[in-house]
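Me: I have a model open on my screen and would like to learn how to read it. Could we go through a few features together?

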Amino acid sequence: MLVSAKDMLNKARDGKYAVGQFNINNLEWTKSVLLTAEELKSPVILGVSEGAGKYMCGYKTVVGMVKGMLEELNITVPVALHLDHGSYEGAKKCIEAGFSSVMFDGSHYPIAENIEKTTELVKICNEKGLSIEAEVGSIGGEEDGVVGMGECADPSECKQIADLGVTMLAAGIGNIHGKYPDNWAGLSFDTLAAVKEKTGDMPLVLHGGTGIPEDMIKKAISLGVAKINVNTECQLSFADATRKYIEAGKDLEGKGFDPRKLLAPGAEAIKATVKEKMELFGSVGKA
């Protein structure tokens with residue numbers, strides 16, 4: 001069954017490791033992440049952007065697919081199904097569809113409106129036993145049309161949001177979605193430390209986990225990051241493996257085209273990426 005992310009993140013915070021959130025985009029993607037989590041005995045969060053939810057035929061379809069896989073694949077590790085960078089309306093739809101966790105990204109609103117909308121969603125999630133993530137200070141880059149310049153969060157505003165009772169908090173610390181440019185200044189650990197001081201035991205979230213150097217990842221975990229999001233790296237590994245398979249002329253079998261064979265290399269590539277990240281985050285064997 002799907003679970004709230006609350007317990008797994010509290011354990012990660014206390015144990016000084018991070019749970020990986022891996023965004024899913026199709027059946028093969030989801031299956032690869034779940035099988036790897038089970039193999040490594042690692043808790044895992046399946047992230048779904050609003051765009052990916054629409055692509056996969058709606059949130060109810062996603063919930064049905066994931067719940068079916070948990071049963072058919074005999075998955076025993078804790079799994080949360082989480083809306084990533086959700087709008088206020090999107091969060092409500094995912095709650096109704098059966099997600100076990102949601103993110104409301106109110107970072108683009110004035111802080112007062114962010115607080116108002118987050119407060120309403122916290123109440124709903126508490127009533128239903130779901131976990132909820134909020135954001136202060138937008139994450140750089142673009143993801144499903146959500147654009148951020150990567151500004152650092154105001155620690156005082158982070159405390160205001162954390163005090164509303166959210167489960168976890170994403171604070172902008174110079175991280176970005178997508179590939180990091182050569183002139184990237186790196187993570188602002190001063191900001192992260194200040195946010196940690198203001199928010200206490202609140203599990204913190206690091207978006208844009210692709211491309212951040214290992215030493216920065218480990219330092220972020222030591223400063224309270226308990227959840228790290230990975231999307232771009234899975235996309236790149238999937239696309240590269242599939243491209244190489246096609247270029248090798250192996251996409252034709254027998255009388256015609258078999259999409260199951262075409263997608264298999266990409267699925268294996270995602271397994272390798274997820275395994276690498278779970279080992280780096282320290283979540284192996286923590287289920």
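Predicted model: local features only at pLDDT ≥ 70, side-chain atom pairs only at ≥ 80, totals over all residues.

Me: Which residue forms a salt bridge with Lys 159?

Reply: Asp 163 does, and the closest N and O atoms of the pair are 3.0 Å apart. Asp 163 itself is exposed, at 53%.

Me: How far apart along a helix are Lys 123 and Glu 127?

Reply: They sit four residues apart in helix H6 (residues 111-128), which means about one helical turn separates them. Another case is Lys 271 with Glu 268, where the closest N and O atoms are 3.3 Å apart. Those two are three residues apart in helix H11 (residues 259-281), again about one helical turn. Lys 271 is partly exposed at 25%, and Glu 268 is partly exposed at 47%. Salt bridges with shared partners also tie Asp 240, Arg 243, Lys 244 and Glu 247 into one network.

Me: How many salt bridges are there by this rule?

Reply: The count comes to eleven.

Me: Now a helix. Which residues of H4 are buried?

Reply: Look at Tyr 59, Val 62, Val 63, Met 65, Val 66, Met 69 and Leu 70. They lie on the same side of H4, because they cover an arc of only 165° around the axis. On the other side, Lys 60, Glu 71 and Glu 72 are exposed. The elements that cover the buried residues include helix H2 (27-40), strand E2 (44-49) and helix H5 (88-97). Just after H4, look for Asn 74, with a positive phi of about 55°.

Me: What should I look for in a strand?

Reply: The general idea is that side chains in a regular strand alternate between the two faces of the sheet. Here, strand E10 (residues 225-230) is mostly covered, with six of its six residues buried.

Me: Which strands are joined to E10 by bridges?

Reply: Strand E1 (residues 19-23) runs parallel to E10 and is joined to it by four bridges; Phe 22 has Val 230 as its bridge partner. Strand E9 (residues 204-206) is also parallel to E10, with three bridges, and Leu 206 is partnered with Ile 228. From E9 the chain passes through helix H9 (residues 214-222) to E10, a right-handed β-α-β crossover.

How values were computed
Residues numbered from 1 in each chain as written. Heavy atoms only, no water. Buried < 20%, exposed > 50% of the residue type's maximum accessible area, 1.4 Å probe, protein only. Arc of directions from axis to C-beta. Contact = heavy atoms within 4.5 Å. Pairing = 2+ DSSP bridges. Right-handed = clockwise from strand over helix to strand, strands pointing away. Salt bridge = Lys/Arg side-chain N within 4 Å of Asp/Glu carboxyl O.
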